[in-house]
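Subject: Structure handover

Hello,

My notes on what I found follow below it.

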Amino acid sequence: MDLSTLLGTLTNPYLWQQMLQALKETLIMVSVSLVLAELGGLPLGIMLVVTAPGHLRPHPVLHHFLGTLVNVGRSLPFIILMVAIIPLTRLLVGTSIGTWAAVVPLTVAAIPFVARLVETSLLEVDRGVVEAAEAMGASLWQIITRVLLPEALPSLVAGATITAISLVGYSAMAGAIGGGGLGDLAIRYGYQRFQVEVMIVTVVILVILVQVVQVVGDFVARRVDHR
Amino acid sequence: MLVGAWLQGELFRDGREGDRLERAVREANSPPAAEPLVVVEHLTKRFRQGGREIAALSDVSFEVYPGEIFGVMGLSGAGKSTLIRCINLLERPDEGRVVVAGQEMTRLSGPALMQARRRIGMIFQHFALLSSRTVAGNVAFPLEIAGVSRPVIAARVAELLDLVGLGDRAQAYPSQLSGGQKQRVGIARALASEPVLLLSDEATSALDPETTVSVLQLLKEINQKMGLTILMITHEMQVIRQICHRVAVIDQGRLVEVGPVAQVFSRPSSEVARRLLREQLQEDVPPYILERARKPGQRLLRLGFLGQVAQEPVVAELMRQFPVVVNVLFGRIEELGGVPWGRLVVEISGDPGQVVAACEYLRRRGVEVEEIEGASPPGETPGQGGEEPLREPVASPPGKGGVA
């Protein structure tokens with residue numbers, strides 16, 4: 001690859017059009033599945049914590065069941081999961097191909113991941129504070145919404161940042177079911193068509209994207225942290 | 001009426017030191033006319049640890065009366081924490097009853113227990129403030145969960161922060177406060193729901209001595225001004241000494257002694273109380289003074305003056321009546337459950353027979369006499385946890401200790 005080829009590719013408007021489209025797809029996949037995964041993972045993580053032995057509502061059977069569920073979800077390779085849940089995807093989205101179809105397996109894969117992160121964050125909350133709330137006559141719901149979640153917020157934000165970045169990585173695989181996105185572009189043009197410069201450009205954009213997500217995540221985490 | 005205040009009045013009105021204390025003790029022990037606010041009956045709590053059961057509390061019973069500051073003292077691991085946590089049922093006892101303000105806590109669960117807990121304030125060793133909330137937000141917390149309206153909360157929070165002297169720190173976060181300030185926030189929060197009882201779980205143990213004094217002073221003021229009953233646990237003697245009216249001593253989950261502070265401190269009947277006291281006293285007396293006791297031919301006495309005798313010229317009279325020389329090495333006077341308590345470390349010299357007679361005289365006057373022994377092995381720092389240099393306090397039956 002010489003400089004003129006690189007410049008030729010980089011000045012090709014078609015490439016940038018593709019690039020922009022791919023970025024849009026990546027952003028849709030990552031943001032939508034992040035939101036959905038948090039919605040699913042938060043309650044799961046909360047239940048994992050409060051049902052734990054010695055916590056607010058110990059329930060060994062439920063705790064064990066949820067823990068196993070999460071572990072199974074996390075042990076499935078994403079590519080297999082994606083194919084395996086095609087019927088579910090079709091049921092929810094109407095098709096098993098495309099960006100929105102990719103959101104379903106991404107969300108399903110991220111929920112157990114988020115649940116574990118949430119569990120870890122909530123377990124970090126000082127037991128003394130939880131106990132103080134109990135002593136003041138707070139209900140379980142009040143303790144969850146007014147103590148556990150606000151106290152763990154900086155850590156939850158950090159966890160969401162990690163999830164978002166993991167989703168950027170996973171979304172590259174969504175190309176397998178026509179999900180598109182930057183990773184898909186890099187594989188198709190850069191790897192399969194030997195257009196190395198396309199691959200480099202995509203990778204650079206991905207690096208910047210990850211960087212931006214991390215910086216924003218850190219900023220928000222710091223802002224909500226009063227510890 | 002506060003037991004301590006009563007005790008003090010009684011001690012000064014009455015005649016002889018000996019029966020004065022006896023009477024004070026007897027009176028303070030017999031329940032005042034008021035109904036007890038807290039009744040703990042046959043409380044037992046067991047924990048399972050690695051397959052075997054450990055009794056954290058066994059058959060503990062006591063009562064706390066309205067308006068008093070009741071201390072529970074014990075070494076760490078004695079079961080104090082479990083005990084206080086059983087009062088608001090953070091820990092559910094295996095056996096026994098806990099009644100607070102006429103309500104049997106041990107029968108409650110669910111929403112009824114939540115309601116009952118809102119009438120009991122609690123402060124903690126590590127403050128347990130919400131780091132995500134400002135000072136004002138923390139104080140508002142118990143009101144919010146009780147469903148109090150916002151304007152009422154705002155007014156009450158401002159009032160409480162003024163009470164604890166933090167009116168200007170309302171918008172600060174706990175991480176921006178010192179330990180003493182954090183505990184003040186904790187106190188304001190505990191008072192927010194206008195509790196009938198305040199539980200204090202080692203509230204000053206994480207504070208430096210100066211801050212401890214100011215926080216205790218605040219608790220004392222709250223007790224006096226608002227008539228709030230306080231049940232506190234601590235391993236620090238000075239906390240009990242500074243503000244408690246009555247004290248219970250627990251050891252290995254059992255209540256071994258309960259009585260007015262003046263009685264328990266001056267005439268401890270349990271080994272644990274004696275041990276705790278001894279440690280405290282050794283901390284007070286500078287080591288170089290104890291060092292003197294090691295020199296041969298020196299007799300160092302520790303004298304305790306409780307009540308009115310603390311204000312009488314006993315030592316001067318002693319030297320007038322007996323041909324002995326008393327050299328004062330260390331002295332301190334403080335309050336013990338509202339009763340003045342003077343302590344001296346003196347060096348006494350003279351004819352051995354006269355010294356014995358002098359000690360007898362002091363005891364007759366109601367002074368506690370205890371000999372400091374210099375028997376500690378060389379190299380060991382006195383006053384640093386070595387089991388002796390002190391003998392048994394002389395308050396115990398004659399012949400057991402003191403000057404022979």
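First, a term used throughout: helices (H or I, at least four residues) and strands (E, at least two) are DSSP runs, numbered from the N terminus. This is a predicted model: local features need pLDDT of at least 70, side-chain atom pairs count only at pLDDT 80 or more, and totals for chains, interfaces and linings use all residues. Residues are numbered from 1 along each chain as its sequence is written, while chains are lettered from A and ligands numbered from 1 in the order in which they are written.

**One residue in chain B**

B:Val367 lies in strand 14 (residues 367–372) of chain B. B:Val367 counts as buried because it has 24 C-beta neighbours inside 10 Å. The cut-offs: buried takes 20 or more other C-beta atoms within 10 Å of the residue's own, exposed 12 or fewer, and partly exposed is in between, with C-beta atoms placed from the backbone.

Leaving aside neighbours within four places in sequence, B:Val367 is in contact with B:Leu303, B:Gly304, B:Phe305, B:Val309, B:Val314 and B:Leu362. Contact here puts the two C-beta atoms, placed from the backbone, within 7 Å. B:Leu306 is 61 residues away from B:Val367 in sequence, yet 7.3 Å away in space, C-alpha to C-alpha.

**Chain B overall**

Chain B has 14 helices and 14 strands. Of its 404 residues, 45% count as buried. Take the contacts in chain B with a separation of 6 or more: 69% of them join residues 24 or more positions apart.

**The sheet**

Chain B has an open sheet of six strands, in the order 6-7-8-3-9-10, with mixed pairing. Two strands pair if DSSP finds at least two bridges between them. Strand 6 (120–124) and strand 10 (254–260) of chain B are at the edges, each with a single partner strand, so one side of each has no neighbour in the sheet.

Strand 6 of chain B pairs with strand 7 (residues 197–201) of chain B in the parallel sense, over five bridges. B:Met122 stands opposite B:Leu199 in strand 7 of chain B.

**Where the chains meet**

The contact takes 17 residues from chain A and 18 residues from chain B. On the side of chain A that touches chain B, helix 7 (127–135) and helix 8 (140–173) of chain A each supply at least two residues. Helix 7 of chain A gives the most to that side, with six residues.

Best wishes
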